[in-house]
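Here are some notes to read beside the model. Please keep the sequence and the structure open while going through the points.

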Amino acid sequence: MEQGTIERDIHVNASPEVVFEVVSQPEHMREWWPDDARFESVAGAPGELVWRDADTGETKTVALAVVEVDPPKRFSFRWCFTEPDRSGQALFVTFDLVPSGAGTLIRMTETGFRELGWEVAVLEEQYRDHENGWDHYMPRLGAYVARLVATP
């Protein structure tokens with residue numbers, strides 16, 4: 001297994017402008033991905049994503065840093081830093097938005113797994129965890145966009 005890049009594509013029936021808002025604004029992102037998202041959609045801005053365990057109520061906060069904001073084409077950020085002050089190696093997530101017919105092709109790419117310096121077993125576990133996560137969250141992204149554009 002290569003464990004270097006995760007790519008997921010989905011097509012939605014919404015314009016790139018609408019989709020860009022959904023992937024780059026915290027108030028939209030928290031509707032399909034984390035339980036909470038706090039950041040400004042500005043290159044270089046720090047932020048964080050928060051997940052709550054429904055059973056225990058415990059939260060997990062992950063730091064992020066916005067890298068690129070190019071509406072309505074691309075939004076990218078770094079997260080899962082090796083250092084708590086958002087330095088060191090990190091995973092890199094990019095949402096590329098490509099007009100396609102009356103809708104948009106969303107291509108999510110996550111890279112940087114091998115660069116984090118994890119032992120092989122940890123690398124394999126983290127890679128699988130992120131693959132499973134994107135397999136869960138990308139359809140939620142598509143469903144949220146569909147609900148958003150269906151709302152009058």
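Which residues does the UniProt annotation "domain: Activator of Hsp90 ATPase homologue 1/2-like C-terminal" cover?

1. According to the unreviewed UniProt entry, that annotation covers residues 13-145. UniProt positions are given in the numbering used here, feature names are shortened, and annotations may be inferred rather than shown by experiment. Over residues 13-145 the chain is 29% helix and 36% strand, with the end C-alpha atoms 8 Å apart. Helices (H or I, at least four residues) and strands (E, at least two) are DSSP runs, numbered from the N terminus.

2. This is a predicted model, in which local features need pLDDT of at least 70 and side-chain atom pairs count only at pLDDT 80 or more, while totals for chains, interfaces and linings use all residues. Residues are numbered from 1 along each chain as its sequence is written, and side-chain values use heavy atoms, with hydrogens and water left out.

3. Compare two serines. Ser76 lies in strand S5 (residues 74-79), and Ser76 counts as buried because its relative accessibility is 0%. Ser15 lies in the loop between strand S1 (5-12) and helix H1 (16-24) and is partly exposed, at 27% relative accessible area. Buried means under 20% relative accessible area, exposed over 50%, and partly exposed in between (1.4 Å probe, protein chains only).

4. The largest nonpolar core has 38 residues; among those with the most contacts inside it are Trp32, Phe95 and Trp134. Such a core is a set of buried Ala, Val, Leu, Ile, Met, Phe, Trp, Tyr and Cys residues joined through side-chain atoms within 4.5 Å. Helix H3 (residues 120-150) gives the most to this core, with eight residues. In soluble globular proteins, nonpolar side chains tend to be buried together.

5. Leaving aside neighbours within four places in sequence, Phe95 is in contact (heavy atoms within 4.5 Å) with residues including Trp32, Ile106, Trp134 and Leu141.

6. The largest pocket has a volume of about 500 Å³. Of its 19 lining residues, the closest to its centre are Lys60, Val62, Trp79, Cys80 and His130. A pocket is an open set of points on a 1 Å grid over the protein atoms alone, where a 1.4 Å probe fits, with protein on both sides within 12 Å along at least five of seven lines; lining residues have an atom within 4 Å of a point. The volume is the space filled by probe spheres set on the points, which are joined across faces, edges and corners. H3 gives the most to this lining, with seven residues.
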